[in-house]
Amino acid sequence: MIGQIAVGSALIVLSVAVHAGFMALAARAVRRREAWLRRPPALIKLAGALSAVSLWLIAGMSVTVWIWALYFLWSGALGDLETAVYFSLVSFTTLGFGDIVLAQPHRLLSGMLAANGLVLFGLTTAVLIDLIRSLHGARTGQESA
């Protein structure tokens with residue numbers, strides 16, 4: 001049990017660090033283009049920036065799913081890559097269909113993976129809301145809080 005918690009914690013730390021890198025790159029890209037994004041037609045540019053950042057952050061979450069899947073494959077918890085990716089994605093998104101379950105030596109990891117997904121979806125939502133507020137506030141002449 002302690003081993004599962006240690007491995008799960010390490011995988012969570014790694015995935016949060018990877019996702020934080022994706023978020024930092026997205027924030028940097030938006031900041032570098034902020035003046036351009038403020039100029040008319042700002043609403044169209046805001047929609048484009050929001051779409052691009054959303055896709056970028058989804059790519060970051062996909063990397064996390066692959067990190068977990070590769071661990072499950074490497075550790076022998078799951079037998080093939082497709083099953084490992086499927087299980088990781090279903091657990092990460094907290095769907096948890098239950099058609100694939102991990103054996104006892106690995107089963108705590110599925111809950112940790114789901115918690116990891118919840119945290120990263122929350123962080124992603126916060127980043128997207130902040131992007132909308134900052135760009136929309138800049139467009140209307142208001143400063144974001």
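Let's start at R33, which sits in the loop between α1 (2–32) and α2 (34–38). Keep in mind as you look around that this is a predicted model.

**Around R33**
- R33 counts as partly exposed because its relative accessibility is 46%, and partly exposed covers the range between the buried limit of 20% and the exposed limit of 50%.

- Helix α1 is built from 31 residues, and its first and last C-alpha atoms lie 45 Å apart, close to the 45 Å expected at 1.5 Å a residue.
- Buried positions in α1 include Q4, G8, L11 and S15, and H19, F22, M23, A26 and V30 are buried in this helix too.
- I2 also belongs to helix α1, but this residue counts as exposed, because its relative accessibility is 65% and the cut-off for exposed is over 50%.
- A nonpolar surface patch brings I2 together with M1, I5 and L108; the accessible area of these residues together is about 420 Å².

**Helix α3 and what follows**
- Helix α3 covers residues 42–75, which makes 34 residues.
- At 1.5 Å a residue, α3 should span 50 Å, so the 49 Å between its end C-alpha atoms agrees with that expectation.
- G76 follows α3, and the phi of this glycine is positive, near 85°.

Terms used
Residues are numbered from 1 along each chain as its sequence is written. This is a predicted model: local features need pLDDT of at least 70, side-chain atom pairs count only at pLDDT 80 or more; totals for chains, interfaces and linings use all residues. Side-chain values use heavy atoms; hydrogens and water are left out. Helices (H or I, at least four residues) and strands (E, at least two) are DSSP runs, numbered from the N terminus. Buried means under 20% relative accessible area, exposed over 50%, partly exposed in between (1.4 Å probe, protein chains only). The expected span of a helix is 1.5 Å times one less than its number of residues. Patches are made of residues with over 30% relative accessible area and no salt bridge: like charges are joined within 9 Å, nonpolar side chains (Val, Leu, Ile, Met, Phe, Trp, Tyr) within 5 Å. Accessible areas come from the Shrake-Rupley method with a 1.4 Å probe; for residues, only the protein chains shown count as cover. A salt bridge is a side-chain nitrogen of Lys or Arg within 4 Å of a carboxyl oxygen of Asp or Glu.
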